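Biologist: Let us go through this structure together. Please keep the answers brief.

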Amino acid sequence: RRLLESMELGRGGVLSDRVIGDGTALWEAIVERDLEGMVAKRRSSAYESGGRSKAWRKIVHRHTLRAVVGGWLPGDDGSSVRSLLLGLRDGDGWRYIGSVGSGFSGAALAALAAAFEEMETSDSPFDRGVPATARFVAPRLVVRVHYRNWTDAGVLRHPVFVGVDDADPDQVTVDDELS
């Protein structure tokens, strides 16, 4: 802790006071300030250089949003789904907000691949470029994702697939999801 206190933590880094016991108030402050998260540890544990300890936990503050699938990136075999291309309704078009490639079960990926066969289209629904290997689908499927925050380029940072949502895709808008 003495070493941390002597360091310049840089943009967004905050070293909080020690909180012993219930960390609820600290967590509420993290959420209110939209910080990345916190590290919790057993009081008796020591720092272990170069490794992770089960006595220390990084607890990440994640956001959740709904997004519309407008395409996908194929896996190495060319037909399996590696990641989903996501967007939000923005006026009359679709704003590209990045891709999600984690959080899927094998069954979910197989179900998505089968659904995409019926939804496939040759045109991108998105307002800006996506990877060259992208395959596009009609923007009809809504999913939920967890994410940490946004990049300066306006795409999701560290998104994780949570599941499919039954929302109307035209109601999954920039204004509703980003407010």
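Biologist: Is phenylalanine 161 buried or exposed?

Modeller: This is a predicted model. Buried means under 20% relative accessible area. Phenylalanine 161 has 8% relative accessibility, so this residue counts as buried.

Biologist: What kind of aromatic pair do phenylalanine 104 and phenylalanine 161 form?

Modeller: The ring centres are 4.4 Å apart, with 25 degrees between the planes. Planes under 30 degrees apart count as stacked. Phenylalanine 104 is in the loop between β5 and α3, and phenylalanine 161 is in strand β10, 57 residues apart. Phenylalanine 104 is buried too, at 16%, and the pair is stacked.

Biologist: And what kind of pair do tyrosine 147 and tryptophan 150 form?

Modeller: Tyrosine 147 is buried, at 6% relative accessible area. Tryptophan 150 is partly exposed, at 27%. Their centres lie 5.5 Å apart, and the planes make 65 degrees. Over 60 counts as edge-to-face, so the pair is edge-to-face.

Biologist: Which element gives the most to the lining of the largest pocket?

Modeller: The largest pocket holds about 1,700 Å³ of space and is lined by 42 residues. Elements giving two or more residues are α1, α2, β1, β2 and β8. With five residues, the top contributor is β1.

Biologist: Which element gives the largest share of the lining of the second largest pocket?

Modeller: This pocket has a volume of about 300 Å³. Its lining includes Val39, Tyr47, Trp56, Arg57 and Lys58. The lining divides into three nonpolar, two polar and four charged residues. The largest share, three residues, comes from β2.

Notes: Residues are numbered from 1 along each chain as its sequence is written. This is a predicted model: local features need pLDDT of at least 70, side-chain atom pairs count only at pLDDT 80 or more; totals for chains, interfaces and linings use all residues. Side-chain values use heavy atoms; hydrogens and water are left out. On a 1 Å grid over the protein atoms alone, a cavity is a set of points where a 1.4 Å probe fits but cannot get out, and a pocket is an open set with protein on both sides within 12 Å along at least five of seven lines; lining residues have an atom within 4 Å of a point. Grid points are joined across faces, edges and corners, and a volume is the space filled by probe spheres set on the points. Helices (H or I, at least four residues) and strands (E, at least two) are DSSP runs, numbered from the N terminus. Ala, Val, Leu, Ile, Met, Phe, Trp, Tyr, Cys and Pro count as nonpolar, Asp, Glu, Lys and Arg as charged, and the others, Gly among them, as polar. Rings of Phe, Tyr and Trp (its six-membered ring) pair if their centres lie within 6.5 Å; planes under 30 degrees apart count as stacked, over 60 as edge-to-face and the rest as tilted. Buried means under 20% relative accessible area, exposed over 50%, partly exposed in between (1.4 Å probe, protein chains only).
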